[in-house]
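I open the notebook here and record what I looked up, entry by entry.

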4 protein chains.
Amino acid sequence: MNTIGHIFRLTTFGESHGTAIGGIIDGCPSQLKLDFDFIDSELLRRKTAQSSTASQRKETDQIEWLSGLLDGVTLGTPIAFMVRNEDCKPEDYEALKDVYRPSHADFTYEQKYGLRDWRGGGRASARTTLPIVVAGAVAKQVLKEKGIQILAKVTDMGDAEKARREGDTVGGIVECRITGVPAGLGEPMFGKFSAELAHAMFSLPAVKGFEVGDGFALAGMKGSEANDTFINKDGKITTATNHSGGIQGGITNGNDVVFRVAFKPIPSIAQPQQTVNRAGETCQIAIEGRHDVCALPRAVVLVEALAAMVTVDMGMMAGR
Amino acid sequence: MNTIGHIFRLTTFGESHGTAIGGIIDGCPSQLKLDFDFIDSELLRRKTAQSSTASQRKETDQIEWLSGLLDGVTLGTPIAFMVRNEDCKPEDYEALKDVYRPSHADFTYEQKYGLRDWRGGGRASARTTLPIVVAGAVAKQVLKEKGIQILAKVTDMGDAEKARREGDTVGGIVECRITGVPAGLGEPMFGKFSAELAHAMFSLPAVKGFEVGDGFALAGMKGSEANDTFINKDGKITTATNHSGGIQGGITNGNDVVFRVAFKPIPSIAQPQQTVNRAGETCQIAIEGRHDVCALPRAVVLVEALAAMVTVDMGMMAGR
Amino acid sequence: MNTIGHIFRLTTFGESHGTAIGGIIDGCPSQLKLDFDFIDSELLRRKTAQSSTASQRKETDQIEWLSGLLDGVTLGTPIAFMVRNEDCKPEDYEALKDVYRPSHADFTYEQKYGLRDWRGGGRASARTTLPIVVAGAVAKQVLKEKGIQILAKVTDMGDAEKARREGDTVGGIVECRITGVPAGLGEPMFGKFSAELAHAMFSLPAVKGFEVGDGFALAGMKGSEANDTFINKDGKITTATNHSGGIQGGITNGNDVVFRVAFKPIPSIAQPQQTVNRAGETCQIAIEGRHDVCALPRAVVLVEALAAMVTVDMGMMAGR
Amino acid sequence: MNTIGHIFRLTTFGESHGTAIGGIIDGCPSQLKLDFDFIDSELLRRKTAQSSTASQRKETDQIEWLSGLLDGVTLGTPIAFMVRNEDCKPEDYEALKDVYRPSHADFTYEQKYGLRDWRGGGRASARTTLPIVVAGAVAKQVLKEKGIQILAKVTDMGDAEKARREGDTVGGIVECRITGVPAGLGEPMFGKFSAELAHAMFSLPAVKGFEVGDGFALAGMKGSEANDTFINKDGKITTATNHSGGIQGGITNGNDVVFRVAFKPIPSIAQPQQTVNRAGETCQIAIEGRHDVCALPRAVVLVEALAAMVTVDMGMMAGR
């Protein structure tokens, strides 16, 4: 269950302070000349995004491409890649080794596996999303040839600089728009385009909400307000409004696919907190380490990446 | 892609006005004595739910069990079942055969498949969710033996009776709570408990939003407000609050799993609407047929059913 | 695990003496006009095949189509079908209820599930292969449009009439040839065309061996004898010989795909046999019921059906 | 389709002369202390096996473990590993860049992907099976704790030393036995234990035949000869003979699982051969490079590895 996708598939590996993190992209079309500069720039978006709101961990994040390429062209075989973990400071976490940080995955991982990699959050660290950016960048290249574009942005975010001063963190919302997507993508029953997007977005750490089109606001509308009237625009059938977010009956209708993702605040706060340790004893913690104040800026490229992967995959499922 | 689940799996079939609708439950534990009265009562919840807000289509909805049982006890082999479609009135839809109803799946199905079953919405009809109720009722029995309960309710809904008079429809929100779920369910990367729930809920018609715990509200909170402090309660580690909705790092923490699902208003409204037909010509329609004013009452048991199926499946994935 | 295929998928259900057997075909292309006469004739091949060597159970085997069709044309949605079980004589099996018939699945089913449907072999009955014939017939229609043909025949079989007189049964070998298959089908590592065929054929009851091309004979050859020289035949690259059976590196090379399937003799013999019962007591049994002397004649259409399904599915996986 | 397994899954990557080969093991139980010496010894079995019959490529085959471990103990998260490719001599293959070697995958890969990595066979090289040995060694450790052992051996092989002198190659047969496997593993319809084994074995290069128990010989037997009588042996129900190879109705019966795998001779022979090039022109080739005379010795550990992986996976599927 570390794999996402049906035909265009990504399997990821890695813990925050392990040897490396990376992934295998399986099902990528052959004969695609990878634009490594673009891939690096996507990683850079993730990195510079962190400048003011994010942790100070230094990672060069140099991708090593392990397979699937000949002279930079995809062979159709699995594309494996990895990034070594550097600047690891497990000692920052040693004090928290036996403590369950509030709203972190420490407790749940131990319940599931009987042990956990306590160094920097292990597999649950946000660092493990890096392979998603790489696979998303490859997917975007596949989409570019089809004229499909994906653009996300932060639409809501707490006051990060104030939170930093207070030893606190903030959450926010990312909105994403897929333009140029053809009508007819998505499976009608259990692989709806919206369901696949929802599944993908909830794979990101800290995601607690997802909505398509007008989303939760639609729950308060009347049908006469919410319906998207079909119109003939220059010989092409489309809708006058887009309350549906480009998806009807689970299938894209050719309009922009629009969705929003809600991120909770990062649980690693500098303020002292009460919690319990493995022995069940109450204790106080103050999380030091190096942590983001807000996940939102770096989440933008992650949301785009997963949206790109889902769109490529659903396109392949539909034979397009 | 008409299958949901990894080990406990449901594959459904059927169109609104075809011969029958039904499904195959694969992966159900053997030696379970099915409580057919309970299953019928779940179907009845769906039916009586419709009394005031729903369509007047009369269906006896008599389940015919086709396989997988010996004297009412599960064999471990696939449990197939079906319900015949009765009281079909395709003539109600004949006028809409070549017209794309606003915010319906008519247009998208044609884009995807090149044709569609225009009788009563075909595969996109809400009627096709009936097999989910059946599979969910079976899943609930599996959970009952483990002390897990699932309870959903409508928390927000427009004024249905007013809408009916105005030839309009309303949407709303269903909240669901899973109690007794053990800690440790859910896969950490791409099969998070929350992601599986999101995927399942977006499989229901008209769903446009999904959130876990405090959901979208968390986007506006600070970390110090959103974090769930761990406490030792009578020797058991739990959390003092449940902003996380029972899921941390994608894995259940033993607290109640709580989530909310937003449904848009049903798009079939009696008011005249403008749209286009297959030829791209603008036309006026007034949807007659027999339609719900609100999907919410019947959605409650559907939300519970899918939640039950996901919980059973994730439990099996975790070997519990 | 009652599903076969990746995109073109069949999920089957049913026990020999249950209410019905059938299946759901998911992923069939839309807009295909089903040739029901052809499908019936395929079922008839299975039936008449039985005339001299097979059991006398009378089944009209009337297919009831439940979904996925509009005026006989595929909608792209799941095609469900079933055949009711008739002429059931569970009393024939009552005496064997607590006995483990040699080389049958009685014992293994009980070990797996804790119980079994003892009536006519339950899920392990050869009758449960009927849905495969139906799905195979649909797959053949898909292939026909692409100019791909599948033809199997019995190449080896014991002396059936002698065996019948002696209260015994015989096994044999079915050879199958797929012509017109394009080069490039099959996944190179874990979804080789040969591996998918092998998996499919071993899904049939009584199959104990499978080989592609010259198969086991290749183990005794030298490379210089086994290699298939490439030649240019009228501008098309092909091979002069076909020891490889049309598959190299797991991928079709455009030549005929040729494979052979070994079936063991049916274990239900009229001769008295020693075995043990559920209590572990030694006992004598003489299987009466109505049983085939040889599975081979009816296996021919089954081998073809699965070969057709695999070919359609691998074609879809390759986007062809 | 570079993934094998349902719960215990291996995804592999790599080409013969690319940067590295490796894989990700997903679904391995947590809290298993890996025996790295054993894993290395398994790789050594593969290497020393080559001494007399195999190619002279020098590879240190040093495994680098990338994730999923803490102090050598499995975390339950994906275990990624890789081996760098060394001693690559692409120039050995440069002359064959545009030529389709007989019975190799050159032609089929180009048909499938439009290009191929011509250096050392690329993805189709036997070198790409190395990750299978690693994953198999991990699976064997899982089985060891359950008392399950797997042992394969070469039972038939051509005269390798004679073939080497003649610039030829030979094939052969590997027989494998799984002891201690509990009754009840395997899914009854499309995931039979035998079908899963067949699929796995046909994933190995050069495999052209597979049989379980007496296999093809059963096709010539009578039921009275082929049936395995159940007996009570010291209070445990087992069979007096094992013609079935431990599998009945697709499910293990507790007896040894026995199967045989036929390998064709390696197609890279030193003798001159006629073939065609990409332009369709007839040409002569003499394959130099460094090639095995026989794949059999190194195939033994591969057959064991895949058998171990299938057994672990089927055990997990059965919840055991």
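For these notes I take a residue as buried when its relative accessible area is under 20%, as exposed when it is over 50%, and as partly exposed in between. The model I am reading is a predicted one.

**Entry 1: an aspartate in chain C**

I looked up Asp292(C) and found it in the loop between β17 (282–285) and α8 (296–317) of chain C.

**Entry 2: the interface of chains A and B**

I asked how many residues of each chain are in contact here, and the count is 94 residues of chain A with 94 residues of chain B. Between them the two chains bury about 7600 Å², and 63% of that area is on carbon and sulfur atoms. Met1(A), Phe190(A) and Lys208(A) supply 13% of what chain A buries against chain B, which is more than any other three residues give.

I then turned to the polar side of the same interface. Four salt bridges are counted between chain A and chain B, and I looked up the one in which Glu166(B) pairs with Lys222(A), where the closest N and O atoms are 3.7 Å apart. The rule for polar contacts finds 39 residue pairs across this interface, both residues being at pLDDT 80 or more. On the side of chain A that touches chain B, helix α3 (residues 106–113) of chain A gives the most, with six residues. The residues of that side divide into 41 nonpolar, 36 polar and 17 charged.

I also checked for strand pairing between the chains. Strand β10 (residues 207–212) of chain A and strand β10 (residues 207–212) of chain B run antiparallel and are joined by three bridges. Within β10(B), Gly209(B) is the residue that stands opposite Glu211(A).

Is helix α3 of chain B mostly covered or mostly open? I find helix α3 (residues 106–113) of chain B mostly covered, since seven of its eight residues are buried. The buried residues are Asp106(B), Phe107(B), Thr108(B), Tyr109(B), Glu110(B), Lys112(B) and Tyr113(B). They pack against β11 (230–233), β12 (236–239), β13 (247–248) and β14 (251–252) of chain A. Just after this helix, Gly114(B) takes a positive phi of about 85 degrees.

Ser103(B), with phi near 60 degrees, lies in the loop between α2 (91–94) and α3 of chain B, and its relative accessible area of 5% makes it buried. Gln31(B), with phi near 65 degrees, has its place in the loop between β3 (20–26) and α1 (36–48) of chain B, and its relative accessibility of 51% makes it exposed.

**Entry 3: helix α6 of chain A**

I looked up helix α6 (residues 193–201) of chain A and noted that nine of its nine residues are buried. Among them are Phe193(A), Glu196(A), His199(A) and Met201(A).

**Entry 4: salt bridges**

Over all chains, a search of the whole structure finds 85 salt bridges. In chain C, the side chains of Glu42(C) and Arg45(C) meet in one of 3.3 Å, N to O. Both residues lie in helix α1 (residues 36–48) of chain C, three residues apart, about one turn of the helix. Glu42(C) is buried at 5% relative accessibility, whereas Arg45(C) is partly exposed at 31%.

Another salt bridge in chain C joins Glu110(C) and Arg278(C) at 2.4 Å, N to O. Glu110(C) lies in helix α3 (residues 106–113) and Arg278(C) in the loop between β16 (273–276) and β17 of chain C, so the pair ties together parts that are 168 residues apart in sequence. I note Glu110(C) as buried at 10% relative accessibility and Arg278(C) as partly exposed at 41%.

In chain D, Asp117(D) forms a salt bridge with Arg119(D), the closest N and O atoms being 2.8 Å apart. Asp117(D) is buried with a relative accessible area of 5%, and Arg119(D) counts as buried at 17%.

Note on methods. Residues are numbered from 1 along each chain as its sequence is written. Chains are lettered from A and ligands numbered from 1 in the order in which they are written. This is a predicted model: local features need pLDDT of at least 70, side-chain atom pairs count only at pLDDT 80 or more; totals for chains, interfaces and linings use all residues. Side-chain values use heavy atoms; hydrogens and water are left out. Contact means heavy atoms within 4.5 Å. Buried area is the accessible area (1.4 Å probe) that two parts lose on being put together, summed over both. A polar contact is a pair of N or O atoms within 3.5 Å; within protein, one must be able to donate a hydrogen and the other to accept it, and residues adjacent in sequence count only if both atoms are side-chain atoms. Helices (H or I, at least four residues) and strands (E, at least two) are DSSP runs, numbered from the N terminus. Ala, Val, Leu, Ile, Met, Phe, Trp, Tyr, Cys and Pro count as nonpolar, Asp, Glu, Lys and Arg as charged, and the others, Gly among them, as polar. Two strands pair if DSSP finds at least two bridges between them. Buried means under 20% relative accessible area, exposed over 50%, partly exposed in between (1.4 Å probe, protein chains only).
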